[in-house]
Structures are given as structure tokens and as C-alpha cells.
Amino acid sequence: MGKGMLSVCGEKQQVVLLFLIEIILIVLIGTLTTYGPEANANLLKNLKEDYNGNNEHNRKPQSDSLRIYPMYQDVHVMIWIGFGYLMTFLKRYGQSAIGLTFLISAVLVQVALICEGVLHFDKNNKAYLSLSSLLSADVAVAAPLISMGALLGKTTYMQLVFMGIVELIVYTINKYINEHHLMAVDAGDSMYVHAFGAYFGLAVSFVFGRKDKPKEHHLEGPSYQSDIFAMIGTVFLWLFWPSFNSASLDGDSQQRAIINTLLSISGSCVIAFATSALISKDNKFNMVHVQNSTLAGGVAIGTAAGMMCKPIGALIIGSLAGLLSVLGYKYLTPFIQKRLRIHDTCGVHNLHGMPGVLAGIFGAIMAALATQNSYDYSLYEIFPARAPNFEKLTSEMRNDYGILPGNDRTALEQAGYQILALTVTLLMASISGVITGLILRTSVCGSVAEEDKFDDAVHWELEEEEEEEGLHEISKIKERNSRANDQLPMGTI
């Protein structure tokens with residue numbers, strides 16, 4: 001262990017806290033949750049009826065809820081593999097990037113289920129668990145993982161766990177306010193997950209920077225091998241992003257979201273490569289840009305993913321996001337580190353923050369342009385607040401299309417609420433992030449000394465690499481000497 005690492009007492013305290021947190025989660029989930037109707041064997045609605053109306057007790061229906069399982073599994077891969085491997089670019093922090101993502105996601109997915117559940121209690125004060133709630137929990141976990149990227153290598157695992165728990169509570173409140181009171185639309189959660197997670201993490205990093213000014217660290221950088229590992233995360237995220245943006249939708253909206261996301265993320269990929277070569281020395285590609293900015297289009301299209309933004313609109317917004325992200329890495333990241341003392345290890349501001357804000361603005365523009373001529377009655381499915389109120393709702397809308405009464409908003413009013421939701425999200429993320437950062441600076445969750453940052457040895461038992469390398473070199477020297485003794489000198493030949 002390094003001389004500046006956590007004390008044995010501090011490490012044991014973290015272990016005890018981790019055990020305690022899981023025990024609390026077991027009690028809460030056991031007390032507050034139960035199987036939803038789709039998964040409950042005791043509910044008659046799960047029993048399939050034959051043509052005579054009799055229950056076939058030995059057969060189960062093909063539940064329509066299972067249709068989301070493939071996309072749920074795609075999001076699962078994004079969380080545990082995509083985010084984990086994307087953060088392996090640091091040359092001495094790969095085990096922590098993958099391992100802590102594994103641990104923290106497993107803890108926080110349980111927290112997310114509880115947070116989601118308390119908003120939807122049934123009459124027995126129980127929250128139903130279903131594939132839909134599992135999907136929502138996975139999506140929610142993405143927010144603290146994004147925040148983790150801003151703090152990567154500088155915190156203990158209990159600091160990350162505590163940060164994630166607080167963040168998920170605020171995330172749930174923020175999303176509930178924006179979806180149920182402001183009735184803003186954010187199909188791919190670019191505002192609620194990406195922008196929120198990025199600016200929450202940056203706010204925590206800002207507090208850390210106020211105490212200890214960010215300094216150059218000899219381990220804060222990639223190696224050839226670590227960059228290749230990080231590209232695994234990039235490729236997985238790139239492939240599965242259409243599922244992330246469309247999993248909560250259905251019908252034609254879901255198909256549009258898949259198409260729009262693929263086009264947008266393709267545009268950001270090409271423009272990110274081109275911009276990287278344009279601004280880099282000798283017009284060569286920069287691996288940091290390729291690992292991150294190629295994904296910016298997936299974030300930027302998220303809010304409007306299910307809207308009729310046209311294929312050209314998806315390509316343009318994705319291309320703009322790729323350009324903005326690369327320029328952010330080149331010019332803005334050094335600026336905010338120097339001027340604001342915000343150290344952003346993974347550059348989440350460039351991949352999630354700015355593209356998330358761009359997504360919110362683009363979503364507002366598309367909401368302002370949305371008309372019934374373009375959407376027909378699906379306009380009121382995408383924007384429920386724009387549906388006519390009860391007095392104006394026709395029987396055709398109610399009976400033939402299943403449209404519920406709305407707030408009778410105009411297109412411009414809906415656009416205004418979209419911008420308001422983005423503003424509320426940024427404010428809640430920033431304020432709660434600062435408060436969380438102040439709490440994390442206390443000694444309860446431990447801390448990492450400056451000389452031990454970005455080093456796996458803080459959290460992991462590592463092989464004695466230096467000793468092994470020394471023995472290997474000695475072995476090679478002996479082998480060369482042995483071969484030399486078996487051969488005649490060149491002069492003698």
C-alpha cells in the first residue's frame with residue numbers, strides 16, 4: 001500500500017458501510033416492493049383463457065411486457081460494459097474503472113428500484129416490480145455513472161456509492177417534476193440523465209477543486225493498451241444507443257427513435273473523426289476524441305428521438321454534437337480546469353453535458369414545430385399536454401385513439417415548458433451536486449491522497465508487477481549470455 005493511502009481503520013469503515021447499505025436495501029426492497037401483475041403467479045389476469053372462457057392453469061400467456069426485454073438487455077450491456085470499459089483509458093486505473101462500475105451499478109440499481117417504487121405505491125403500499133421498472137432503474141443508474149466519470153480516480157468507492165444514492169434521490173424528484181408537472185418530453189432522457197449526471201458530477205468536482213487545486217498527475221493519462229480497452233466501451237455504447245433512446249417508446253415513435261438515433265450517432269462519429277484530425281497535430285486522429293465525441297450524437301438526439309425531426313435533422317444535430325464535443329475537449333476542458341478548478345477526468349461535459357443541453361434545445365425547437373398535420377393524432381401521444389382538455393376532447397379521440405384529456409397547450413407553450421424543464425434540471429443538478437460535494441469532503445466515506453490518485457492499488461490487490469518484470473529481465477540476460485557462450489566470436493569465424 002502506498003504511504004498516502006487510506007488507513008486500515010478507514011478501509012474497514014468503508015467495508016462495514018458497504019455491508020450496512022446492502023442490509024438496508026434488503027429490508028427496504030422486502031418491505032416496499034412486490035411482483036407486478038405481469039410477474040405474479042397468484043393473479044388471475046396472468047392465467048390464459050381458452051376459447052370457452054376457462055382458465056388454463058397450466059399455461060402462461062405470452063406477456064406483451066416481454067417485448068421490452070431485448071432492449072432492456074441492450075441497456076444492461078451499456079451500463080455494465082459500455083460505461084465500465086469507456087473509463088479504462090487511464091493507464092493505472094483499469095481495474096477500478098470496470099470493477100467499481102460493476103459494484104456501484106449493482107448497488108444503485110437497487111436504490112433506483114426503491115426510488116422509482118415510492119412514487120407508484122399501490123393500495124397496499126407496495127411498489128410493483130416488472131421489466132418496465134427494471135428498465136427505468138437501469139436508465140437511472142446511467143446518471144451517477146456519468147457523474148463518476150467526472151471524478152474518476154479521485155475518490156473512494158464509498159464516496160461514489162454515497163454520491164450515487166443522493167443523486168438518484170434528486171434525479172427521481174427532478175424527473176417526476178418535469179414529467180408529471182411540467183409535462184416535458186424527453187424520450188431518450190438526454191436532459192434527465194445525461195445533462196443531469198454531467199452537471200451533478202461537475203458540481204461535485206467543483207467543490208473538490210475549491211479545497212485542492214487540480215494538479216497534473218503522472219498517472220493521469222492513457223497507455224496504448226488502455227486506449228484499446230476504452231474503445232471496447234465506445235463500440236458497445238455506439239451499437240446499443242438506439243435501444244437506450246427508444247426502449248421506453250412503442251409503435252411508430254419507437255421506430256423513429258431507432259432511425260433518428262442511428263443517423264445522429266453516425267453523423268457525430270464522422271464529424272468527430274474529421275474535426276479531431278483537423279485540430280490535431282499533423283492532422284492525425286486523437287484517441288480521446290474518438291472514444292467520446294463519436295457518441296455525442298446519441299445524446300444530442302435523445303430528447304427529440306421519437307419526434308418527426310426528419311432524417312436530415314437527425315444527421316445535422318448529430319454532426320453538430322460531434323463538432324461541439326471535440327472542440328470542447330480541445331479548448332473548453334483546459335479552460336474550466338484552469339479558471340473554475342473543475343477537474344473533469346473523462347470529459348463528461350463534452351460527451352454528456354453540452355450534448356445534453358443541445359438535446360434539450362433541439363427538443364424544444366421540434367416541439368414548437370410540431371403540428372397535427374405532421375403527426376395526426378399521435379401528436380397527443382407524444383405531447384400529452386397538447387391534447388384538448390376534457391370539454392374539447394371529442395369522442396372520436398377518446399374512443400378510437402385512446403387519447404386522454406390534456407392541458408390544451410399550443411406548440412409554443414410546449415416548447416417553453418421544454419426549456420423550463422431543461423433549466424430546472426440544470427439547477428437541481430448543480431445545487432444538489434455542490435451540497436453532495438461538501439458532504440463527500442467529510443471523512444465519513446474516506447478520501448484518497450493526492451499521490452495515490454488514478455492508481456488501482458488504492459482499492460485492489462495487485463500483482464507485484466515490478467518484481468515480475470525484474471525477474472523477467474534477469475532471465476533474458478542469462479539466456480543471451482548462455483547463447484553467446486555457445487557461439488564462436490565473429491573474429492574467429
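Glu 450 is partly exposed, its relative accessible area being 27%, where partly exposed covers the range between buried, under 20% relative accessible area, and exposed, over 50% (1.4 Å probe, protein chains only). The side chain of Glu 450 forms a salt bridge with Lys 453, with 3.0 Å between the closest N and O atoms; a salt bridge is taken here as a side-chain nitrogen of Lys or Arg within 4 Å of a carboxyl oxygen of Asp or Glu. The model is a predicted one, in which local features need pLDDT of at least 70 and side-chain atom pairs count only at pLDDT 80 or more, whereas totals for chains, interfaces and linings use all residues. Residues are numbered from 1 along each chain as its sequence is written, and side-chain values use heavy atoms, with hydrogens and water left out.

By the salt-bridge rule, the count comes to 4. Among them is the pair of Asp 189 and Lys 175, whose side chains meet at 3.1 Å, N to O. This pair links distant parts of the chain, since Asp 189 lies in the loop between helix 5 (157-181) and helix 6 while Lys 175 belongs to helix 5, 14 residues apart; helices (H or I, at least four residues) are DSSP runs numbered from the N terminus. Asp 189 is buried at 7% relative accessibility, and Lys 175 is also buried, at 17%. A further salt bridge joins the side chains of Asp 252 and Arg 256 at 2.8 Å, N to O. These two residues are separated by about one helical turn, because they stand 4 residues apart in helix 8 (residues 251-279). Asp 252 is partly exposed at 41% relative accessibility, whereas Arg 256 is buried, with a relative accessible area of 14%.

Two surface patches were examined, each made of residues with over 30% relative accessible area and no salt bridge, like charges being joined within 9 Å and nonpolar side chains (Val, Leu, Ile, Met, Phe, Trp, Tyr) within 5 Å. Lys 213, Lys 215, Lys 338 and Arg 339 form a positive patch. Of these residues, Lys 215 is placed in the loop between helix 6 (190-211) and helix 7 (224-246) and is partly exposed, at 46% relative accessible area. A nonpolar patch of about 390 Å² is made by Val 15, Phe 19, Ile 23 and Val 27, areas being computed by the Shrake-Rupley method with a 1.4 Å probe. Val 27 is found in helix 1 (residues 8-32).

Helix 4 (residues 131-151) has 21 residues and should span 30 Å at 1.5 Å a residue, which agrees with the 31 Å between its end C-alpha atoms; the expected span is 1.5 Å times one less than the number of residues. This helix is mostly covered, 18 of its 21 residues being buried, and is followed by Gly 153, whose phi is positive, near 85°.

Positive phi values also occur in residues other than glycine, including Asp 376, with phi near 60°. Asp 376 is located in the loop between helix 13 (372-375) and helix 14 (379-382) and is partly exposed, with a relative accessible area of 44%. Phe 454 likewise has a positive phi near 60° and lies in the loop between helix 16 (411-440) and helix 17 (465-486), but is buried, at 2% relative accessible area.

Terms used:
Lys and Arg count as positive and Asp and Glu as negative; His and the chain ends are not counted. The place of a charge is taken as NZ of Lys, CZ of Arg, CG of Asp or CD of Glu.
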